[in-house]
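Thanks for making time this morning; I would like to walk you through one structure. Please have the sequence and the coordinates open as I talk.

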Amino acid sequence: MRKVLMLLLLTAFLPGSGQYLSNLQATRNDALFTTYAAPIARSSYKLDQGYSLQFNDPESGVELISSDGPNFGLALRLGNETRFRLKELFKEPVITTSYSDILKYFYYPFENIKVEVCFDVYSSGSAFMDITVSNNGKFENQITLIPYHFYPSPDSLVSLEHSNLFDGYFYPLAKKPDSWMKEHQIPIKTSLKAYLLSDLPFDSVVATGFRKGAKTRMTTGPIDDIRRSLLIKQISSAETVAMFGMRTIRLEPGESARFRIVLGLEDASVRKQDAFRKLKPLFDVEPGKIISEDEKIYSKIPLIRLPGRDDEMLYWSCFSLMRQCMMQAEGKCADNYYVFSREPKWGWGYGGQVFHESLSMLAYVYMDPVSAMNSQRVFIGRQQPDGYINYRTGPYLDETIPYANQLTTSAPWFNYINLEVYKISKDTKFLKEAYISGKKFYLYYVKNRDSNRNGLCEWGAEGELESVRDARVAVWDQVGRPMNFEGPDVNSMLVMEARSLSEMARILRLDADSKQWEDLAKQRSALIEQTMWDTVTGFYYNIYKLNQGFNFHKANDLKIKEIIGFLPLWAGVSSSGHAEKLLQSLRDPLEFNRPYGIPTLTAKSDYYNPIGYWNGPVWVQWEYLLCRGLRDYGYKRDASEITRRVLNNMIWHLKQDHVFWEFFSPDEHQAGWNKTYIWAGIAARMLIDEYLVK
Amino acid sequence: MINRISICFFIFIIFPFSTVPAQAIKGKSIQNHSIKLSGKDKKGDQNSGPRIAFLSDVPYGSADTVIRSCYSFLKNQPKSECDFITAIELAKHPSAVKKYTILFYLKNERNPIPSGLKDEKTLEAVNEYLINGGKLLLSGFAMHYLVDLGLETVEASDSMKPCNDDGVGRKLGFHALTDHPVFRGMNGGAYILRPLKDQDVGVCGYFGDKLPARGKVIGVDWDYIFLREESKLLIEYDPGKGKVLAIGGYMDFSQPNLNRLHLEKFTLNCLRYLTDSSKGIAGHYWDYSPNTVTACAEDSIPAVKKLLKPGFYWQEPEDQLAMERRLSSNEFWDVAGERLLTMGTENGGIEEVWSHPFMAFRDYEVGIKFDYRDTIYWLNDQRPEVTAHPAYFCRQYKFPRAFLKEIIVNDPVEPAGALHYEYKGVYGAELFIRFTSNFRWMWPYSEKVTGSICCTWLDDLQAFRISDKSGMLNLFFGSNKPAIQKIIGQFSGFTIDKNYKASGFSTTRFQAAGFLHYRLEMNDELDVIYASGNEGGRSVREYYEKYSAAPDKLFQNAIEHSGELLKNRLMITSPDANFNRGYRWAVVSADKFFVNTPGIGKSLVAGYASTKHGWDGAQKVSGRPGYAWYFGRDGQWSGFALLGEGDYEKVRSELEFYQKYQDLNGKILHEASTSGVVHYDASDATPLYIILAGRYFRYSNDTAFLRLSWPCIHKAIDFCFSTDTDKDHLIENTNVGHGWVEGGELYGSHATLYMTGCWIEALKEASNMAAFMKEQDKDKYRNEAGLIQRIINTDFWNANTSFYNYGKNIDGSFRSEPTVLPAVPLSFGLADREKAGLVLKQLGSNTFTTNWGVRIVSDNSRLFKPTGYHYGSVWPLFTGWTSMAEYKYGNSLQGFSHLMNNLNVYKTWAMGNVQEVLNGAVYQPSGVCAHQCWSETMVIQPALEGLLGLNVDAGKRQLKLAPALPADWDSLEVKNIRMGNKTISLQFKRSVTTLSYMFNSKFNDSTVIEFSPMLPAGTRILSCKLNQNDVPFTEEITPAGTGIKLELKPAGKDLLEFEFRDGISVLPVVEDPKAGYPSEGLRILDAGLRGRVYSVLTENKAGGSGEIRVWLNGLNIDHVENGTILSIGGNICTLQIMYPDLGKKYTEVAVNICLK
């Protein structure tokens, strides 16, 4: 309680919180997240386009790019020289402002020519780029501006059209849903039209298309040399269509020219005049206003004294990541919800919420408690009368995955997250809703996952998915499927669920309930200690549910040291003696004490693979849980050390690619497999736990 | 039209040949006489030497000078006899031939073989003579006699060979395939004719596709740097017990011949070979059979099935020098050991692997297929993260759900390398490898020389073997994992069907292509190992077996090697991290050029690039991997730096190499391909060799080596003297070779300042060595050096240009074009101080200096072309020369700027490497090689000789150190300063009022260190103490700085401390240019303190602005003229300077900092 109060006091009395991201001087070597998507209020699920700033490839232009959508760039010509590639620039981009939806940077393509760019993803279907070109030299300069735009689709070019009425360009483009989206009937728009407008009349415009290995439908125009230099290199993957505008201006010393390019994406069925009319107001949008709104949103983030610039960048970037993944109520979601990633977009990550990913709310709640609570309300709103909650819950998705007469739910972190969110939001109304829902969920879970009624649960239904460790897990692969085992993971979670419900009941003054939940937690804790602790190896393992032993096919075949063995620490299950024993494995460099965090499997295992999903990688959200457990047991130095190692690798990757990854290697500067993954944002909470002055 | 052939026909034996004097024996008369053709020849019975019958178409009295001079040469050989007989005489008495050891038939006229020689009895007699062991030498058009004798069925052809001086001299001769006894002492080939006039020379032989049916081709036509393999001029026959040599031209003893020595040596070699061919070096013959690719016969080495040891994870050490590129580019990289050179571009694969003297394989590519996808991803199409390490090159490919790391490494000494793969994936995968190999011999041999190759799969080794026809060249290529598929044959490539089964595309192209397919589990390692060499299959196989059993040993060896270099070589640690890093990279990158070619030697090669770069040698398939072969001048300039950094062993090996291939006349090679062909086109390699030998002696005190080498050194000195034909004391380029400039507008002086400067320095070193050798010539050399030094400061000085003339013409006039080349004599300290100042001011200005180095000519020269190899481009070599010259004359600000120009190149293109040539207008490469030896050493040498002022004379126990550090360097550590077999280290620290220098040595002799640091202008020294005791010192106060000088005798740990006050210095301008950017920038032309005004003369582009930083200690600025103070932080003041446009390209501004 004292901690929370102090935090709120800090937030209240430190002016200008959030201003950090408005006053950056970040280069490509800084650990800054540089992906952008529309703000919650202007987001839309079915047609949503995010962009990333590409400014770390010397061979490419400084461009706003997307994995399956349009891309923006700008080339400038001075005299006979055209520059756009990073390596050609006189001074590389310096980012001055970066929030989840808007970006400002400047660079010098030529010594005295300064280009300032403000790029805003205004809505899911529109974006604009303000470009200001200044002559900082002492002589007049004639500069040719060549904004370019490209998109991987050769079919688009032939249909490129110009609207005389709006002096804009439009062309069709198609998006292809991946197989997961198709299987789950995710209703994203696939047949679109792109609209391009500018307030700078071009002297000429050239559009052209390429197919890898052969140029197709090349139009002739006055900028052949630029087209050659710009485009040939762009054909890195498959097919590209590109369009260039070209405008030559004269700038006196000290003079600037500013223009704006607006891009819109609309469903192909929308009439072009309607689309253009919809985009026209974007010319009047004031970027300063958008930045002010962002500053206000980010102002709630606690200001903490961090040891260096890298940590600062990481900290603020985490919030941009989580904020960006949040979308406004739509479809079946009566409240705002999150997706795992908006740019790039892939089916699995664009379906809906899962408890596992919701662990990121433990950090996000500091930024926007209401939005975090609403995200949890999405689960509550979709709960079935018997207490069941979907495996995945999205605006257009209820994923239940029936198996063996059971529905798959999500690993039971529901009450734990609700309580943690409440601790920051202090919203009792939310707590009441959450308690009612959480109680039902807990009861549903133990009723349906304790098949032998011995007080310990196993994973049920499609257990590998439900367990969250859903790919190539050593124990699932080598021994047997999850429903055969009662594990320290699911039961520790249930201990924490019961304990959270107890705490919620206590706050809600339901003292009897509280005691009952606490008793349940204690009972389960005792069972875990009795059955899952192995005195020989000093570790917690899965046990075979039929005999509570470590043998399934053969003797001790369940004694595989996995990260789940540390969850009893997080759940407060372990005795101090067991905790001390566990620490031996945790501190062993040949097992879990790896250079960049605690791996999900002991490095001594033949199955260990530092980037093999649950057989080695560092999952930041699990590192957080582990660190929480260590702190609670008084192992603060270990927690700090693990935090540092994990964050170091995240920072390294942010500096390299400016993205967050799904997981990181415990051994090297490697990471995989999906980018811009919401739960990496929990690193902010690790920094708060480590550095917030308490 | 000269329709004449240089012909000789002699029969002769000399014994012993090695002591034959170069000229005819004095006192032995040359006379013609007809032999007595019947009866007993008493003389012949009495003489133990060979008897030669010199056969001529005409009597001596009617013979021309070619016939007469050849006969005369033979006649005058000691211990031999030579009789002149005519064809008519022989026809009359054919049986007389039996009396002779050798029948020598010279025919220089293009007319029929005389009927007498074709007479049946004559032919019968000659054939009988040969069958019974007689020897026949047919010279010139006498080759036609082969058919008449029935030795040959295919008639030879006649041809005219133009011999014109197109700027590279007139050189005609023959070359063997590697070597043959007729070229004994001449490295496998001989230019036997170097006439003084242009002419066409008649030759007789087999041209184009035409081949002798029965003869073996010993030598082909060789002119300049071209082997004319299609012109077979030197043929051998072995009838019965006899032997026949047919030499189709060039044996002309009559006309002035710069290579007379070579002609004589070759002639005597031929005669010796005819009479005593069983001794000495093995003979090789040109093979014109079509190149084929076949399956190898069963391996003669017994197959022992070996258990493959699976690969494992390689732990990469923490490496402060590692250079990363997050996204690969198309830039060059190389991994080089003494035996193997592996090269490629960053994106993927390997372009070429050279196992000197041949290309082991090329076009290595890898594809990967994941279990969850059908696609094979070829790595060359990816953009991995790449890291260059001093010891290896690493790529990391990131695919969805899989990472693949590739480490490419070669053993630093042995001919083996590996590609190590670490696969980490959620799913398993399959790896596909393809490569080609044609065993291309190094230039100047053509692609046809390889002959046939065979290839096979060795199941016991799980490796391919490719071998040439001789069995000497071999490649073993395989892995430590069993292959799923292995295909090799004469293929242009492979197709892979939907089941991933590969099959090759047949081709007529001469190459073998291999394909391998491996399985990778989700956490797996695999090593591709290769061993290749020219020592025969058994040896190479042993290397392969050794490293396939432990490929990680290659990795460890390479890391240890680079670690040892950094530990043991002279290391400088300054406050500038970039300097420290760049210097270390230069040390390890220069070391990669030390190449060992079995049978050839160990020395430095010049530059690395694959064969697709640069000139292809006028051959269909290029055999020139950049400049990856041995050079004289490149190796010598580089050797200076190696001496400074303490690598005496490599320099000794280098010197041994030059001595081994020293020409008969004492000249040192210009280039020697690793295939063993040696050229002597350059004139500077010989004086530079003398300098290197002299410096090696001074640094190492290796007196034994000097004694051993003195004959070669002396011969080289004599050669240089001999090139001063007009006796003006200047060694010449005319008829000797190019000096620095090899072509273009600047080419062509009779004598150049560059050469003269080198010669003076060579004479000084020669004098020092001669003194040790107690040679009387020591004074002659020293006096000559002094005399020539006066000449360059008078005759070569041009008051109109305030510059030294470039060269002297044959008519005594001078070429005045200002170039960077005076930097060379200046770097040796040969210029008058005042003149040096004028020259250096120009070299330091924008006209010569770009943001990345110094051009050979100024940008306002009529010759200037930014890409011109010798007329506009920037060479790190030039920049290094300039830097050293600047340090030599106290311009340390500019010296440091130029040093850093070179150093900074390592960051931009090929990571860790310095380019051969840069464009003179924009910052981009402009040469052949991305990695050049002397570009690397021109980071090291200016740092050692300039920045540290290092000079060593171990024999005299003298060590000189004259550090001239940037004023803001408040610390410095120099480790491993080597002198002979001892080392010393130096640690410098500066506080506000104290300078401390800690010397750490283990000297127990009377070594004296002459220590003379240069301190910032205005520095006042209050005291000087050595180990807390006052020591005497001298102080020289100049506007540029305060020079201190003292001597100390080190004895363990010696602390030298100065108490000082005040000091001011502008900091050197260090450009960090961006690729593709233009050359202009701020230059500091001069700086000095006069009274209370510190003045900095700067220059910049007109209309521009710039900043300088000034270091001040205990001094305060009152005001600044022509500049604006931007900031003062600590003791650094930053000033802005504006450069008005005064109508010239560049504007000079003198900034005056007026002190309180």
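This is a predicted model: local features need pLDDT of at least 70, side-chain atom pairs count only at pLDDT 80 or more; totals for chains, interfaces and linings use all residues.

The strands concerned are β7(A) and β8(A), the latter covering residues 113-123, and they pair in the antiparallel sense over 7 bridges. A hairpin through 2 residues joins β7(A) to β8(A).

How many of the residues of β7(A) are buried? With buried taken as under 20% relative accessible area, the count is 8 of the 9 residues in 102-110, so that this strand is mostly covered.

Let me turn to the interface between the two chains. Here 35 residues of chain A are in contact with 27 residues of chain B, and the area buried between chain A and chain B comes to about 2400 Å², with carbon and sulfur atoms giving 48% of that area. Between the chains 5 salt bridges are counted, one of which links Asp657(A) to Arg326(B), with the closest N and O atoms 2.2 Å apart. Polar contacts across this interface, where both residues have pLDDT 80 or more, amount to 16 residue pairs. On the side of chain A that touches chain B, the elements giving two or more residues are β5 (81-83), α20 (636-657) and β29 (671-675) of chain A, and by class that side has 13 nonpolar, 11 polar and 11 charged residues.

Finally, a sheet in chain B. The open sheet has 7 strands in the order β32-β48-β49-β50-β57-β53-β54, with antiparallel pairing. Why is one side of β32(B) and of β54(B) left without a neighbour in the sheet? Because β32 (571-573) and β54 (1029-1030) of chain B stand at the edges, where each has a single partner strand. Elsewhere in the order, β50(B), residues 994-1001, and β57(B), residues 1053-1061, pair in the antiparallel sense over 7 bridges, and within that pairing Thr994(B) stands opposite Glu1059(B).

Note on methods. Residues are numbered from 1 along each chain as its sequence is written. Chains are lettered from A and ligands numbered from 1 in the order in which they are written. Side-chain values use heavy atoms; hydrogens and water are left out. Buried means under 20% relative accessible area, exposed over 50%, partly exposed in between (1.4 Å probe, protein chains only). Helices (H or I, at least four residues) and strands (E, at least two) are DSSP runs, numbered from the N terminus. Two strands pair if DSSP finds at least two bridges between them. Contact means heavy atoms within 4.5 Å. Buried area is the accessible area (1.4 Å probe) that two parts lose on being put together, summed over both. A salt bridge is a side-chain nitrogen of Lys or Arg within 4 Å of a carboxyl oxygen of Asp or Glu. A polar contact is a pair of N or O atoms within 3.5 Å; within protein, one must be able to donate a hydrogen and the other to accept it, and residues adjacent in sequence count only if both atoms are side-chain atoms. Ala, Val, Leu, Ile, Met, Phe, Trp, Tyr, Cys and Pro count as nonpolar, Asp, Glu, Lys and Arg as charged, and the others, Gly among them, as polar.
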